[in-house]
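Q: I've got a fold open in the viewer and I'd like to learn how to read it. Can you walk me through it?

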Amino acid sequence: MWLTLLTLVAVAIVGIMHIRFVEDISNFFPENGENKRVNDAYQHIGSDNRIVINIKQAHRDTTQEIDYELLAAAVDSLVARLYQNDKDSLMQKVFYQFDNQQITDITAFVVQNMPYFLEEEDYARMDTLINTQHIDSLLINDVMILSSPTGFMQQVILSDPLFFSGNVLKKLDHFRLNDQYKESGGYIFNNSGDEAIVVVTSKFPVSETFNNSRLIQQIDDAMQTVEKQFDRKVKITDFGASLVSQTNSHQIKKDSLWALLLSLSFIVALLIYY
């Protein structure tokens with residue numbers, strides 16, 4: 001009897017040691033082909049695994065000017081701290097600056113292939129640009145731009161000094177997702193310009209709360225460190241679907257634990273009573 005009991009206990013211990021918990025609510029879904037395909041698309045195509053961090057000046061009223069140098073320095077410090085804390089490679093990428101090289105490449109592509117993008121009104125506009133007076137004013141403007149530190153505009157002028165591609169490049173503005181964000185000094189700001197924005201993309205879908213909780217903890221540590229570093233002159237907040245999932249996960253764990261303890265207490269009390 002004792003040998004059988006010890007054997008069963010040993011087998012149970014070995015089995016328990018091989019249990020691996022996965023905090024991913026999507027695993028509750030049926031594993032048929034259609035559900036798996038839709039779930040995979042939702043997790044990897046959507047943007048729910050992004051955490052947006054806002055950085056603004058603390059205690060600033062509307063009459064004070066925005067200190068862009070302070071916000072830019074806080075962004076650089078926060079990003080450096082995020083990468084320093086990410087020892088387990090939980091972040092997929094951090095987006096906080098516009099890629100000027102990509103803008104230059106797209107602009108150069110449009111200018112080099114301009115005939116494919118021209119429409120009838122563009123040719124009518126060109127007719128107004130090729131008179132002597134207009135050419136003189138355009139060339140003077142080109143010289144001023146070439147003397148300035150504007151990077152991608154210099155490449156456009158070298159390829160298209162009379163700026164025939166002006167309307168074509170302007171049409172690219174229609175591809176903007178919205179007008180809630182703008183660029184200043186290469187950094188991303190909200191439309192009013194008083195908050196700098198950093199977007200952290202997690203390697204894990206929003207439903208995987210365990211690893212996202214670790215990432216959120218790293219982000220919170222980085223945010224608190226940067227706020228102390230700048231003597232609380234900046235205030236940093238974050239939001240995103242992963243934060244909501246983490247809060248829900250913690251609440252579910254807490255409720256489940258209390259439900260289990262209360263159930264066991266009632267069962268034991270009932271057994272003792274009988």
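This is a predicted model: local features need pLDDT of at least 70, side-chain atom pairs count only at pLDDT 80 or more; totals for chains, interfaces and linings use all residues.

Q: Next, strands. How do I read which way the side chains of β5 point, and are they buried or exposed?

A: Sort the residues by the side they point to, then check burial for each group. In β5, Glu 195, Ile 197, Val 199 and Thr 201 point one way, while Ala 196, Val 198, Val 200 and Ser 202 point the other way.

Q: Which strands pair with β5, and in what sense?

A: Look for bridge partners. Strand β1 (residues 50-57) pairs with β5 in the antiparallel sense over seven bridges, and Ile 53 has Val 198 as its bridge partner in β5.

Q: What about the hairpin: which strands form it, and what is in the turn?

A: β3 and β4 form a hairpin with two residues between them, and Gly 185 in the turn has a positive phi of about 65 degrees. Strand β3 (residues 181-184) and β4 pair in the antiparallel sense over four bridges, with Tyr 181 opposite Asn 190. In β4, Tyr 187 and Phe 189 point one way and Ile 188 and Asn 190 the other way, and all are buried.

Q: Glu 195 is a charged residue on my list. Is it buried or exposed, and which side chain of opposite charge is nearest?

A: With a charged residue, check burial, then look for a partner. Glu 195 is buried yet has no salt bridge: Lys 56, the nearest side chain of opposite charge, is 4.1 Å away. The cut-off for a salt bridge is 4 Å. What Glu 195 does have is a polar contact of 3.2 Å between its side chain and that of Asn 54. Leaving aside neighbours within four places in sequence, its contacts are Asn 54, Ile 55, Lys 56, Ile 188, Phe 189 and Asn 190.

Q: On to helices. Why do residues three or four places apart point the same way?

A: An α-helix has 3.6 residues a turn, so residues at that spacing end up pointing the same way. Now try α3 (residues 68-85): at 1.5 Å a residue its 18 residues should span 26 Å, and its end C-alpha atoms are 25 Å apart, which agrees.

Q: And what do the buried residues of α3 pack against?

A: List the buried residues, then see which elements they meet. Among those in α3 are Leu 70, Leu 71, Ala 74, Ser 77 and Leu 78. The buried set packs against β1, β2, β4, β5, α9 (209-229) and β6 (234-239). Leu 71 has 0% relative accessibility, so it counts as buried; its contacts beyond four places in sequence include Ile 55, Phe 189, Ala 196 and Val 234. Ser 77 also counts as buried, at 15%, and touches Val 226, Gln 229 and Phe 230 outside its sequence neighbourhood of four places.

Conventions: Residues are numbered from 1 along each chain as its sequence is written. Side-chain values use heavy atoms; hydrogens and water are left out. Buried means under 20% relative accessible area, exposed over 50%, partly exposed in between (1.4 Å probe, protein chains only). Lys and Arg count as positive and Asp and Glu as negative; His and the chain ends are not counted. A polar contact is a pair of N or O atoms within 3.5 Å; within protein, one must be able to donate a hydrogen and the other to accept it, and residues adjacent in sequence count only if both atoms are side-chain atoms. Contact means heavy atoms within 4.5 Å. Two strands pair if DSSP finds at least two bridges between them. The expected span of a helix is 1.5 Å times one less than its number of residues.
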